[in-house]
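Please open the structure in your viewer and keep the selection tool at hand.

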Amino acid sequence: RLEEEAAATGRVENGTMAEEKKYIKKKIRPGAIVLADDDTAILVHYELEGQMYAADGVTVVTERSNATKRIKVKTIGATDIEGLAAEIVDKCKLIHHSKIPKVEGLLRDLRDREAGGGVQAPDPTPRRGGGAGTTTATTAPSSSPAPVVTKGVVRAVRGRKSFYDEHQPVAVVRGAPNAEAPANARRGTAPKPSSLKSPAVSSSTGSKRVGAAPPAETRPKKTPDEDPTSPTLRQMERLAIAEDERVLRETAAGGASMDLAYANARVPSLANVKSHAEDLDEYLERLYDDDMNARVDATARIAALARRVENLPMLLGHDTLVQTLARVLREEGRKSVDLATNVVSVFFAFSNYSQFHPAILENQMGDATMRIVDLETKRHDDRLETIKEQGELDEFTERRLALAERKQDRLLYVCFYMLLNLSEDPSVERKMKKRNISVYLCKALERRSVDLLVLCVTFLKKLSMYRENKDAMKQCAVVDKLARFVPGQDVLLLATLRLLLNLSFDEDMRKSMVERALIPRVVDLMRNPHFQHVSMALLYHVSVDPGTRGMFAYTPAPKILLDFILQVEDLHGAPELIALAVNVTSNAKCAEIMCEHVVSGPKRERGFDALVRRGIRLRDPLAFKVIRNVARASDNARRNFTPYVVDLIRLMKEEEPGSDLMVEVLGTLANLNCDALDITETCQEHGLLEYAAILLSPGEVDDDVALEAVMFVGSIVCEFNAQHVVDCGLVERMYTLMSDKKEDDEFVLQIAHAFGAMLRCEATRERLLRGTQVVHYLVDLLQDTNVEVRKCADSALDAVMDYEEDWAVKIRRLKFESHNREWLDATRDGPGDGDVDGPDGYRYDPYHEGPGGGGYRDDEYGDYPDEYRESPADTGMYSPGTVLDNPQEYYGEEEEEEEVHPGGVGYGGHRRENEYY
């Protein structure tokens, strides 16, 4: 439907590109968008500004030129105008999205022109860039200055509709302005008649060709300035629209508010100042002149000398230059912004080289510069207060304030840049921190100069590496000010993302980023190669907080991450990508979205299938970290693993025990067993229980592998394989591991969970209750500081109480003792009835310090409630507090006569019933 060519940065001669110039930095400013006179094409005018090295290889030269991009529209008859306009704007980077309505209007004009009889006859004068015979072309950049329209004309155009929307008696072909038109339009005079191109006129029966007009004798004669269809007025309007777009380009690029007064303000540049090194002494003498303009001119000429690198040693070696300029800045800098800018520009040129820094610091230029920054910041605040008080300003006041703001931006730019160069010395940077440099930089983020904003953001990024500066930025709400730059102009956007990355190490800063809705905006930048690395790193830091991971489900992040994972062969070379993918897929909704995503390509397969096949084919442990999270998401996600279970088991057994891939696959299998996907029988057929028993043998593997094995056993044990679990010796190995890893919360939690699963199966429950002291161990975990451990232990004890009636009363009493330990300790300190239990007349107290966690006390039990006193069948069931080596250590082997006390059955002489052990 259309063909278009990227903007050229070199010269175009006879339809072919000459050797492209090597620019250090280039900037493109979009201009007017018009129809081509001689072809079905749209012309986009733009201005190219590039910086390149001169012939000496040191001096930087700025070059400005005008150029045009031609977008050829092939078919437009029955085409969807809105869709075609959106496609043109999407493909052409020179056209902003806000110009879609204008492109639609041009396409409608082009369609009407074709319907009326075709394209206007081409001008006999040869066109640059190939003319109508080429599909796309770019005109040669011109060295002539861009057309300038006065502010009044721009405002008149902006404040009303297009002239031709209201006065259009006939269809008029809108062509690009010719070479003479801009100059004439700029002067506000009509061009010579010979320089105007008349629209093509063609009469035929029953139809009018596009651009047709009534015969000359039937039309009233008008001068070019009065005729609405005159090319002069059309060109003036197009130039006004182009200027309006150009002055608003900073808004579209940087996201900052921009008014015409600020954009039209012109600040004199030092590039046009003529100066000579032999006249340096004369310039210094003029610094003592009473006329401020003379002093400003003298400092401007000295600054122009400092712009050339070869002059710096000469300037620095002068006897009085540096001291004189420092004195002038301290004494006269407050009186003139231009004077301060010129003087600081000289020292800024010196600051670009580290060997000149001592000379700058000796003259206390750092202190003087900070004073200037403080003064200009206060002036800016006062100016804003004045504007608020006065309300609407007249045009003259707007221009005056805009020019002052432009000059102030330039002064702050050289001040901050010089301070940035001087901050290479950590001692100097500490002094700047004491002078609140971070606060001044954060306030400067509210300004409108893109160059100044880029510099301030870069400076803040350097300072943000230290906690004190980061805290100062937090108090200034720096994230709120940076959010308006995302997305925005490329250089400013990249610097902003890097600063946000440094700030994202702070939890409060991450919350501010989430509140400012930066997640979806940064996600959109992941597809851009220029911002891919830093945007993924920033999103990874944000995803560290579990509460924010669910927000990624409402962005294209899961799909984009899956596409990237499938494209990268070695994920070890993309740590930000795999780290972000692991964090995002830990959210169930994000994992499901990733599973259902259809990968673009000839096969059109689901993303989940492509991911699992890639992990198995490449044996990639990093890919299996993502797959493991998917297996943990939901039953719907687990059903997708049905055809891959056997392949995963084979892959795990082929790997060496303890390898990264083996650990991840074992963890994946541990997450799969559920009602939706029962892999119990498959695992038993392939001998995974015996494999897990080997892994749980003491000293066989590292702790992380043993932990995965515990998790696997806890998820796979059921009534179907309970007896096989007992036969493999997994119960004894788990119980031994419990004593060895009692200080590790993760092991304790997973072992308690595995015990809970075993206590729900008859064979494993019988072995645990009769051969171990697991009940006392679980009761002791009820006092653990970890909430999850307490919940898991309580759930396991409930399982015992559900299946074993004899243990229900005992566990309830043990829970009571554990929960009311402080009260019981307090009641034991009071006088009792002399009941004893144990050798030498001492009562056994399981909470008293001693071997195995228990001991004997000579005090009495106190007022223990009757309903909680033990029956003869329950005698001796006290919680030992810790796991004992054998039952005899806790219960003893002596038989004593029963002693009955007035308060009820005593704790003394019952026979210890150890048969349930």
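The model is predicted, so local features need pLDDT of at least 70 and side-chain atom pairs count only at pLDDT 80 or more, while totals for chains, interfaces and linings use all residues. Residues are numbered from 1 along each chain as its sequence is written, and side-chain values use heavy atoms, with hydrogens and water left out.

**Stop 1: a nonpolar patch**

Select Ile 24, Tyr 53 and Val 60, which form a nonpolar patch on the surface with about 290 Å² of accessible area together. Such a patch is made of residues with over 30% relative accessible area and no salt bridge; nonpolar side chains (Val, Leu, Ile, Met, Phe, Trp, Tyr) are joined within 5 Å, and like charges within 9 Å. Accessible areas come from the Shrake-Rupley method with a 1.4 Å probe, and for residues only the protein chains shown count as cover.

Tyr 53 belongs to strand E5 (residues 41-53). Strands (E, at least two residues) and helices (H or I, at least four) are DSSP runs, numbered from the N terminus. Is Tyr 53 buried or partly exposed? Its relative accessible area is 49%, so Tyr 53 is partly exposed: buried means under 20%, exposed over 50%, and partly exposed in between (1.4 Å probe, protein chains only).

**Stop 2: salt bridges**

Side chains of opposite charge can pair when their charged atoms come close. A salt bridge is a side-chain nitrogen of Lys or Arg within 4 Å of a carboxyl oxygen of Asp or Glu, and by this rule the count comes to 42.

Select Arg 29 and Glu 47, a salt bridge whose closest N and O atoms are 2.8 Å apart. Arg 29 lies in strand E4 (residues 25-35) and Glu 47 in strand E5, so the pair ties together parts that are 18 residues apart in sequence. Both Arg 29 and Glu 47 are buried.

Arg 301 is partly exposed, at 22% relative accessible area, and Asp 297 is partly exposed, at 25%.

Then select Arg 628 and Glu 664, whose side chains form a salt bridge (3.5 Å, N to O). This pair links distant parts of the chain, 36 residues apart: Arg 628 is in helix H30 (residues 621-633) and Glu 664 in helix H33 (residues 660-672). Arg 628 counts as buried at 10% relative accessibility, as does Glu 664 at 9%.

Finally, display Lys 470, Asp 471, Lys 474, Asp 506 and Asp 508, which are linked in a network of salt bridges.

**Stop 3: cysteines**

A disulfide is a covalent bond between the sulfur atoms of two cysteines. Here it is taken as a pair of cysteine sulfur atoms within 2.5 Å, and the count comes to 0. Select Cys 476 and Cys 442: the sulfur of Cys 476 has its closest cysteine sulfur in Cys 442, 4.4 Å away, too far for a bond. Cys 476 is buried, with a relative accessible area of 18%.

**Stop 4: a loop residue**

Select Leu 270, in the loop between helix H8 (260-264) and helix H9 (280-286). Leu 270 is buried, with a relative accessible area of 18%. Which residues does Leu 270 touch, not counting residues up to four places away in sequence? They are Ala 300, Ala 303, Ala 304, Arg 307 and Asn 342, where contact means heavy atoms within 4.5 Å. Leu 270 and Ala 300 are 30 residues apart along the chain, and their C-alpha atoms are separated by 6.8 Å.
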